[in-house]
Amino acid sequence: MKACAPPAPPFMAGLLALTLALPLTLAACKPPQQETAPDASPRVSVSIDRPIVEIPLKQEAFGLYAIREIAGVEYLISRDPVGQPGGTFLDASIGNGPKTFNPWVSKDGTSSSMGAKITSGLITIDPGSGGVIPWLAKSVETLPDRLTYRVTLRKGLRWSDGKPLTSSDVVFTWNEIIRPGLGNASLRDLVMLEGKFPEVRAIDPLTIEFKTAKPFAPFIRRLGYEIAPEHYFGPIVRKGGEKAFNAAWGNDEAAQHPERFISSGMWVLERYEPSMQRVTFKRNPYFAMRDANGAPLPYLERYVTSFVSDSNNLVLSFEQGKMDVYGVDPQYVAHVRRLKRPGFTMYNLGPSEGKQFLMFNLSARPDPTTGRPANDPVRARWFAQQGFRQAVDWAINRSDIASNIFKGLAQPSFTAESLASPFLNETLAQGHPQDLQKARQLLQSAGFHWDASGKLQDAQNHPVVFELITNVGNELREAMGNSIVGDLAELGIQAQLKPIDFNVLTTRLDSGQWDAVILGLGGGSPLEPHDGVNVWRSDGALHMFNQRIKNPKTGKIDLADRFPWEKEIDDLFEKGAQTIDPAERKSIYNRYQQIVADQVPFIYLVSPYRFIAVRDRLQNVRPTPLGGIEHNLESIWIQPQADAATGEGQAR
């Protein structure tokens, strides 16, 4: 969904397609690079300026996959020209690697991308139109009652250990993992309607029926949830419960027992090397897809992801031919365009779907376990005031951020829905310029004042000082943080920027021990606002700005202290999910965007354009804004001839 995201699995049609299998997730992102690269190795820049291939935002549907039965197995048939087998796809990303390989537990983009490489859903999206098409399923039928969905699996599907993939795996995943909220409870949040989980039952080994309590417009996309192997996870869940499930497919298990990672996707985990910060996947021999000649797919033998410490090492990896696909942040586009090698093509996939934002912690409630507030009550009172948040919103100079930090390759952002969304509130998207005078008036109306030195104080004369965190190494977010700190200083607000490790950051968010953060959300889709319900619903797992924790005694989340506007958003998302008429849904989601714009729980910053550099040795590359580069990874192959510019390119 975002240029800075890790490459997505083909069956999910890029990160945008995670809307079918995952809710919005916290996005660490690859940080931007400096315009002038370091002298850590010989430069290969020359006086050239590679063209950028502009990809249109709207594309025709790619259409359904053909299905061909071979020896009792119904295979999907690739839409792409026949290629050659062999070679290794090389990927890299900033950070220390995944926190888990379990996609049902993951709450961050890196972990989700690792888990997604070895899992599949019943459906995927069309990378051109965004429509729903079958994947593990052969067909998906909506019955006349508009409540029941009948899914038929393809014949002969097998897990990577050779055991059959059947309806019982699907029912187990939905009823024993998702329904009780094991792992990431957001998966359950997205399919609950008026507090009710859909009924899921097997009709026969190849047929499953899903039934919702009421018509549920977004539900068909939820059929993309990744399916778990019951024969592996069933004993773990039934004997050890949630704790055992959360630990399964963790990093230690990946390093010591990769053979336990049973795959339904095109890849099988081969090695996880924490000391090398490298993950290697190999081809799944039971992947049920073939090319037009009936040859097994994927063509690639392996997929290797390396994790590097910083942005300089990332760009060096690309320049040295150690990466095949590189998400280029806008401020570094000019440098990359001047690279002589490796041979590559750069694509502009349009505005990013990922949301970059500033967010305050509005929660002043005590932790249900300790009875103590997780964060400082004085600061929580500031942040909970609408006027304070609005003042910060008006104080931020988004145009400067877009022009200076993003080198003009981004647009100011003001809305919860992306610029490409058919549900975008176009009026709100126009936004407003920075206005410090209006910001001062809002602060005064909220009871704040200034001391003799110009520092802002609240009504009890507490100086307005708070910590602003973001993930260390993400130079883009650090630069935005410094810009915002400067803007707020104009109001006498003392914001103290503190970059920290991304895993530490997410832990602090979960604990409630934070003031303000600059962050992003990955996943989601411009095609369906309901994908953000885990963020907007008051009991949602990513309702981070006012996170509510389940009471360990009752097992429930108390919603009695909802702000009136939180309750209205809850009601709007419930209504929007049950509304079928597109025009009526548009009106409902326009209203929720208006509330968000008025209350500013998230202060949206910019929408950068997505630039991706793809090495020319890759063939069958057909990028789309919805599918990214890897929506057809199974059909991508490596040109064995040497790269004319570098002598590189031999299949490895």
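A: Two strands pair if DSSP finds at least two bridges between them. Strands themselves are DSSP runs of E with at least two residues, and helices are runs of H or I with at least four residues, both numbered from the N terminus. The model is a predicted one, in which local features need pLDDT of at least 70 and side-chain atom pairs count only at pLDDT 80 or more, while totals for chains, interfaces and linings use all residues. Residues are numbered from 1 along each chain as its sequence is written, and side-chain values use heavy atoms, with hydrogens and water left out.

The sheet is open and has three strands in the order β3-β4-β14, with mixed pairing. Its edge strands, which pair on one side only, are β3 (66-70) and β14 (289-290). Strand β4 (residues 73-77) runs parallel to β14 and is joined to β14 by two bridges. I77 has R290 as its bridge partner in β14.

R290 has a second contact, through its side chain: its charged end sits over the ring of Y75, 4.2 Å from the ring centre. A charge counts as sitting over a ring if NZ of Lys or CZ of Arg is within 6 Å of the ring centre and within 35 degrees of the ring normal. The charged end of R79 is likewise placed over the ring of Y65, at 3.8 Å from its centre.

Next come the aromatic pairs. The structure holds 41 aromatic pairs. Rings of Phe, Tyr and Trp (its six-membered ring) pair if their centres lie within 6.5 Å; planes under 30 degrees apart are stacked, over 60 edge-to-face, and the rest tilted. W135 and F287 form a tilted pair, with 6.4 Å centre to centre and 40 degrees between the planes. W135 lies in the loop between β7 (132-134) and β8 (137-142), and F287 in the loop between β13 (278-283) and β14, so this pair ties together parts that are 152 residues apart in sequence. Both W135 and F287 are buried, where buried means under 20% relative accessible area, exposed over 50% and partly exposed in between (1.4 Å probe, protein chains only).

Another tilted pair is formed by W174 and F219, with 5.8 Å between centres and 55 degrees between planes. W174 belongs to helix α2 (residues 167-178) and F219 to helix α4 (residues 219-222), so the pair ties together parts 45 residues apart in sequence. Both W174 and F219 are buried.
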